[in-house]
Amino acid sequence: MTDGPARSRIGLLDHAAPVQLGTPDAALRFSGFREPGGRHLIVDGAEAFELSFPCGSCALLFRRLDEGARALAADALHDHLDEGVPAIDDPSLRGLVSTILPEGTYLPLLLSIESVLVAPGDDHDYFSREQVAHRGIDPTLGVPEDPATGYYRGPTRTTGEHETLFEFLVPMVPPGWNDRERVASYEERLRTGGAATVLAVSVLDRTQPFDSFDAHTGLVHFVLDGHHKLEAAARLGVPVTVLSFVSVDASLADEATVAGLPELLAR
């Protein structure tokens, strides 16, 4: 037993080349850029989250819409993730993940992220802080964008003279719905050096207002499994391992920019 929470290296742990994964009848899918009403993350046929509008200059956004959004990992996948993921190229793990992703091209990333739990409007909220400083408040709204859910912030990186990369972990199940005993159990596991991995499907969205040289890019991880361990790690202030499959097809950033993510995240 250790004297306190286990510490681990922060940032990119491993990555692999983009790969074809998914199934045509997955419960999860992304609405296409050309579908009416903008972009959405859809779960069980219902719009679960509204995403950034694909205009290139519109604000970054992930707004929770449907309370029916749910954790998607089956028991076998959940148990596999609970054992930890030492390498990203585990074929049995990829096979399990592929059953819940929509067909497409994905960039696999294994990350260690120290996150902060954020409530809309609080001192760490991107939408009411950095986004307002970047582009002001949309006059048609009169207020900052509202994600309509608690979420987690990872690191913020300056990736160029006018480029900033923000990292978010967005739970399918709001943190307030988490079972307190399970969170406490994961806190104890993390205190004693236990392994635990969060699973996410992710998009990389970039926005640059017409009247600004500065661009914001959001790496948005939608949590498919690991809601309790993510909250436990945030409460302890320790890193958690995140296995992310970044959708090349659903991201606003182009394929070359998505492929360059490992280099940016390794800085």
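View A. Helices (DSSP runs of H or I, at least four residues) and strands (runs of E, at least two) are numbered from the N terminus. The model shown is predicted: local features require pLDDT of at least 70 and side-chain atom pairs pLDDT 80 or more, whereas totals for chains, interfaces and linings use all residues. Residues are numbered from 1 along each chain as its sequence is written, and side-chain values use heavy atoms, with hydrogens and water left out. In H1 itself, the buried residues (under 20% relative accessible area; exposed is over 50%, partly exposed in between; 1.4 Å probe, protein chains only) are Leu 77, His 78, His 80, Leu 81 and Asp 82. These buried residues of H1 pack (heavy atoms within 4.5 Å) against helices H2, H4 (180–191) and H5 (227–236), and against strands S11, S12 (215–225) and S13.

**View B. Helix H2, residues 91–98, has Leu 93, Arg 94, Val 97 and Ser 98 as its buried residues.** Viewed down the axis of H2, the buried residues fall within an arc of 135°, so they line one face of the helix. The arc is taken over the directions from the helix axis to the C-beta atoms. In general, an α-helix has 3.6 residues a turn, so residues three or four places apart point the same way. The packing partners of the buried H2 residues are helix H1 (75–82) and strands S2 (19–21), S7 (104–113), S11 (197–207) and S13 (240–247).

**View C. Strand S13 is largely enclosed by the rest of the structure, because eight of its eight residues are buried.** On one side of S13 lie Val 240, Val 242, Ser 244 and Val 246, and on the other Thr 241, Leu 243, Phe 245 and Ser 247; both faces are covered. In a regular strand the side chains alternate between the two faces of the sheet. S13 pairs (at least two DSSP bridges between the strands) with S7 in the antiparallel sense, over eight bridges. The strands S11 and S13 run parallel and are joined by six bridges. Which S13 residue is the bridge partner of Ser 112? The partner is Thr 241, and Thr 197 also stands opposite Thr 241.

**View D. Helix H5 is mostly covered, with nine of its ten residues buried.** The buried set of H5 consists of His 227, His 228, Lys 229, Leu 230, Glu 231, Ala 232, Ala 233, Ala 234 and Leu 236. Gly 237 follows H5 and has a positive phi, near 75°.

**View E. Leu 261, in helix H7 (residues 261–265), is buried with a relative accessible area of 0%.** Leaving aside residues up to four places away in sequence, Leu 261 touches Leu 107, Leu 109, Leu 165, Leu 204, Leu 219 and Val 246. Between Leu 261 and Ile 10, the separation is 251 residues in sequence and 15 Å in space, C-alpha to C-alpha.

**View F. The largest pocket has a volume of about 330 Å³.** A pocket is an open set of points on a 1 Å grid over the protein atoms alone where a 1.4 Å probe fits, with protein on both sides within 12 Å along at least five of seven lines; lining residues have an atom within 4 Å of a point. Grid points are joined across faces, edges and corners, and the volume is the space filled by probe spheres set on them. The lining comprises 23 residues, of which Cys 58, Ala 59, Asp 138, Leu 141 and Glu 145 lie nearest the pocket centre. Strand S5 (46–51) and helix H3 (130–135) each supply at least two lining residues, and H3 gives the most, with three. By class, the lining has twelve nonpolar, five polar and six charged residues. Nonpolar covers Ala, Val, Leu, Ile, Met, Phe, Trp, Tyr, Cys and Pro; charged covers Asp, Glu, Lys and Arg; the others, Gly among them, are polar.

**View G. Pro 139 lies in the loop between H3 and strand S9 (151–160).** At 76% relative accessibility, Pro 139 counts as exposed. Its C-alpha atom is separated by 47 Å from that of His 80, 59 residues away along the chain. Ala 148 is also placed in the loop between H3 and S9; although not a glycine, Ala 148 has a positive phi of about 60°. With 41% relative accessibility, Ala 148 is partly exposed.

**View H. Asp 44 is found in the loop between strand S4 (40–43) and S5.** Although Asp 44 is not a glycine, its phi is positive, about 55°. Asp 44 is partly exposed, with a relative accessible area of 47%.
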